[in-house]
Amino acid sequence: MVRLIVGNKGKGKTKHLLDMVNAEVKTASGNITYLDKSTKHMYELNNKIRLINAMDYMITNSDEFVGFICGIISQDHDLQQMYFDSFLKIACLEDQEVLPTIEKLEKIGESFGVHFVLSISIEENELPESLKSKVVVAL
């Protein structure tokens with residue numbers, strides 16, 4: 001399952017994502033991972049949430065990003081949820097089509113029982129029609 005938080009840069013998507021993940025960790029039965037473009041939000045996350053700075057791993061395209069996500073999932077059989085801040089940046093999708101990568105994440109999530117929440121700097125009306133139903137917060 002993939003859920004989206006959408007809106008232009010500077011609209012508060014990260015705050016919503018942080019609030020969501022910190023609330024979810026209180027009731028989650030499995031592990032939670034938060035991917036970001038830096039460790040800036042380390043102290044805003046509950047210490048039970050694994051923070052990964054995706055920029056440390058030399059990911060250069062969306063296929064490498066999907067492989068990276070599969071590697072994380074393969075190493076943690078208790079992984080329940082993954083949160084991606086600055087999704088377009090960490091997935092190397094700036095100025096590119098997002099639908100194929102999100103569809104891959106949807107299939108991965110279904111196969112391994114992992115839920116994904118993505119923060120995307122796109123207006124809701126700019127999303128492909130098939131993704132609009134996945135929006136949980138539009139700013």
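This dialogue covers a helix pair and a sheet in a predicted model.

Student: How is the packing of two helices described?

Tutor: Two packed helices are described by the angle between their axes and the distance between those axes. Here, the axes of helix 2 (residues 62-75) and helix 4 (residues 99-112) come within 11 Å and cross at roughly 15°. Angles under 35 degrees count as roughly parallel, so helix 2 is roughly parallel to helix 4.

Student: Is the crossing of helix 2 and helix 4 left-handed or right-handed?

Tutor: The crossing of these two helices is right-handed.

Student: Which residues make the contact?

Tutor: Helix 2 contributes Ser 62, Asp 63, Val 66, Ile 69, Cys 70 and Ile 73, and helix 4 contributes Thr 101, Lys 104, Leu 105, Ile 108 and Phe 112. By class, the residues of this contact are seven nonpolar, two polar and two charged.

Student: In what order do the strands of the open sheet run?

Tutor: The order is 3-2-4-5-1-6, with six strands and parallel pairing. Strand 3 (50-53) and strand 6 (135-138) are the edge strands, each pairing on one side only. On average, and with direction ignored, neighbouring strands of this sheet are turned by 15° against each other.

Student: How many bridges join strand 4 to strand 5?

Tutor: Four bridges join strand 4 (residues 79-84) to strand 5 (residues 115-120), and the two strands run parallel. Phe 84 stands opposite Leu 118 in strand 5.

Student: Which strands does helix 4 lie across?

Tutor: Helix 4 lies across strand 1 (2-6), strand 4 and strand 5. Relative to strand 5, helix 4 runs at about 160°.

Note on methods: Residues are numbered from 1 along each chain as its sequence is written. This is a predicted model: local features need pLDDT of at least 70, side-chain atom pairs count only at pLDDT 80 or more; totals for chains, interfaces and linings use all residues. Side-chain values use heavy atoms; hydrogens and water are left out. Axes are lines fitted to C-alpha atoms, for helices over the stretch in contact, and angles run from 0 to 180 degrees between N-to-C directions. Angles under 35 degrees count as roughly parallel, over 145 as roughly antiparallel, 65 to 115 as roughly perpendicular and the rest as oblique. A crossing is left-handed if the near helix is turned anticlockwise from the far one by less than a right angle, and right-handed if clockwise. Contact means heavy atoms within 4.5 Å. Ala, Val, Leu, Ile, Met, Phe, Trp, Tyr, Cys and Pro count as nonpolar, Asp, Glu, Lys and Arg as charged, and the others, Gly among them, as polar. Two strands pair if DSSP finds at least two bridges between them.
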